[in-house]
Amino acid sequence: MILAGGSGSRLWPLSREQYPKQFLKFGDQSLFQDTVLRCLELSDISEVFVVTNVAQKFFVLGQIEELGYEIPEENVLLEPEGKNTLPAITFGMKAIEKKFGKSTVGIFSSDHVLDHASSETISNAEQLVTEYLVTFGVSPTHPHTGYGYIKPAEAHGCGCRVSEFREKPDFETAKRYIEEGCLWNSGMFLFDTEVFFSELKTLAPEIYNAFSENSKTEEISEIYPKLSSVSVDYGIMEKSDKVAVVKLEHRWSDLGNFAAIHDEFKKDESGNCINDCDSTLLDSCGNLVYSKPEKVVSLIDVKDMVIVDTRDALLVCPKESSQKVKAVVSELKARNDERALSGQTVYRPWGMYNILEKSGRHNIKKITVKPGHSLSLQMHHHRSEHWVVVKGMACVQMNGDKFFVRPGESTFIRAGDKHRLSNPGKIPLEIIEVQIGELVEESDIVRFEDVYGRK
């Protein structure tokens, strides 16, 4: 089971609420895709379940498709609202039990970095699940104030009984925890369905009863309003006397802020972590720099800073203060600023678009449509659109007619025309779209047909 419903606030402006960090690519694959590949070392794709939400459903399906796999659509479980990890896990465990009966279930966050060598340790821990709820503790590499800690007790099989869970500490307390042999709480689990539901019934009866009374996943919208928001640690793990921890001595990070990203990824000889932008750094060290590939970034005498430059936002802060980014997002939300939710690049089930320029009466986009995909059949009341094909072959449906538009050619859609854009080819279709009218927002879309079920 992969938990993939995060909000994306801790790595703003790289991630946004509508494009959270698990779908970001820091290399060839996103964190979510890497999690899927780790799960496939333990299970077949038919046994992988993803708990997410409606807004992120097509990221999940699309990124699994990019890996060359097709997950059964009933294995993608959509929460109607976020209620923390215990309801999400219960939702997933119910669906797995219904499909496969009594099962052993590994539960992983979709936004963690974890060495693939950990799969053997995780698999070996299955020997404990008939007696214990199993969690995984990571051997600390340094005192970390951003993680909770687990104190092991006596050894049992390949793990240890848990003495206690400890909240995120200050630096001096973290040093003491490590001296006592505590482990970082990774938030990864291995549960037997029978043991889990037995403990859930005893320790969190409200949640157990809500899901038991409405056992069909189709009725999930009736279940969630009844639930409290509670984490699996607080709701069960910290209360149960049937918890064991298995030590992971592998590279792991939850990439909780930009400082963690700096620690995890490749750096130059001065300790600067830089993306593909054209950079000139003079007497500068220990920085995280992210900008557009075509932009020159120059730093002089800058040390231990985070500089993140996107098309619509710029973040500059000391690396040690990067945990405060959530406060920036909260302030943007308080003033209803859309930049807290989405950026200039917007992802859709058919591909994506980049906003190149926008005013009150015009909007210029670069639209990329994946091979074999199409936009909805739609109409606009308040704007016209001019499409110029840059790459690939466009199939255009307009007012019942179909025709092809080649690179360098264009077509015009008037307000009121019923139209659809499709990519019948084998390479991505790229077009430049110029919208002109009284309303150039996504709200001015009337959909008639959509292969993705959107309304």
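Colleague: Which residues does Asp 304 touch, not counting residues up to four places away in sequence?

Modeller: Bear in mind that this is a predicted model. Asp 304 sits in the loop between strand 15 (296–300) and strand 16 (305–309). With residues up to four places away in sequence not counted, the ones Asp 304 touches are Cys 285, Gly 286, Asn 287, Pro 318 and Lys 319.

Colleague: And is Asp 304 buried, partly exposed or exposed?

Modeller: Its relative accessibility comes out at 41%. Buried would need under 20% and exposed over 50%. Therefore Asp 304 counts as partly exposed.

Colleague: What separates the C-alpha atoms of Asp 304 and Gly 271?

Modeller: Along the chain, Asp 304 and Gly 271 are 33 residues apart.

Colleague: Now Asn 75: buried or exposed?

Modeller: Asn 75 belongs to the loop between helix 2 (57–66) and strand 3 (76–79). Leaving aside neighbours within four places in sequence, Asn 75 has contacts with Ile 45, Ser 46, Glu 47, Val 48, Phe 49, Val 50 and Lys 99. Its relative accessibility is 0%, and the cut-off is under 20%, so Asn 75 counts as buried.

Colleague: What about Gln 33, buried or exposed?

Modeller: Gln 33 is part of helix 1 (residues 31–39). Its contacts, neighbours within four places in sequence aside, are Lys 25, Asp 28, Gln 63, Glu 66 and Leu 67. With a relative accessible area of 2%, Gln 33 is buried.

Colleague: Which residues in helix 2 does helix 1 meet?

Modeller: The axes of helix 1 and helix 2 come within 10 Å and cross at roughly 60 degrees, and the crossing is right-handed. By class, this contact has four nonpolar, two polar and one charged residues. From helix 1, Phe 32, Gln 33 and Val 36 take part, and in helix 2 they meet Val 60, Gln 63, Ile 64 and Glu 66.

Colleague: What do the buried residues of helix 2 pack against?

Modeller: Those buried residues are Lys 57, Phe 59, Val 60, Gly 62, Gln 63 and Ile 64. They pack against helix 1, strand 2 (50–53), strand 3 and strand 18 (345–348).

Colleague: Last one: are helix 3 and helix 6 parallel, perpendicular or oblique?

Modeller: The axes of helix 3 (residues 85–100) and helix 6 (residues 193–203) come within 11 Å, crossing at roughly 135 degrees. Antiparallel would take over 145 degrees and perpendicular covers 65 to 115, so helix 3 is oblique to helix 6.

Colleague: And what's the handedness where helix 3 passes helix 6?

Modeller: On the helix 3 side, Leu 86, Ile 89, Thr 90, Met 93, Lys 94 and Glu 97 meet Thr 193, Phe 196, Phe 197 and Leu 200 in helix 6. By class, that contact has six nonpolar, two polar and two charged residues. As for the crossing of helix 3 past helix 6, it is left-handed.

Technical notes: Residues are numbered from 1 along each chain as its sequence is written. This is a predicted model: local features need pLDDT of at least 70, side-chain atom pairs count only at pLDDT 80 or more; totals for chains, interfaces and linings use all residues. Side-chain values use heavy atoms; hydrogens and water are left out. Helices (H or I, at least four residues) and strands (E, at least two) are DSSP runs, numbered from the N terminus. Buried means under 20% relative accessible area, exposed over 50%, partly exposed in between (1.4 Å probe, protein chains only). Contact means heavy atoms within 4.5 Å. Axes are lines fitted to C-alpha atoms, for helices over the stretch in contact, and angles run from 0 to 180 degrees between N-to-C directions. Angles under 35 degrees count as roughly parallel, over 145 as roughly antiparallel, 65 to 115 as roughly perpendicular and the rest as oblique. A crossing is left-handed if the near helix is turned anticlockwise from the far one by less than a right angle, and right-handed if clockwise. Ala, Val, Leu, Ile, Met, Phe, Trp, Tyr, Cys and Pro count as nonpolar, Asp, Glu, Lys and Arg as charged, and the others, Gly among them, as polar.
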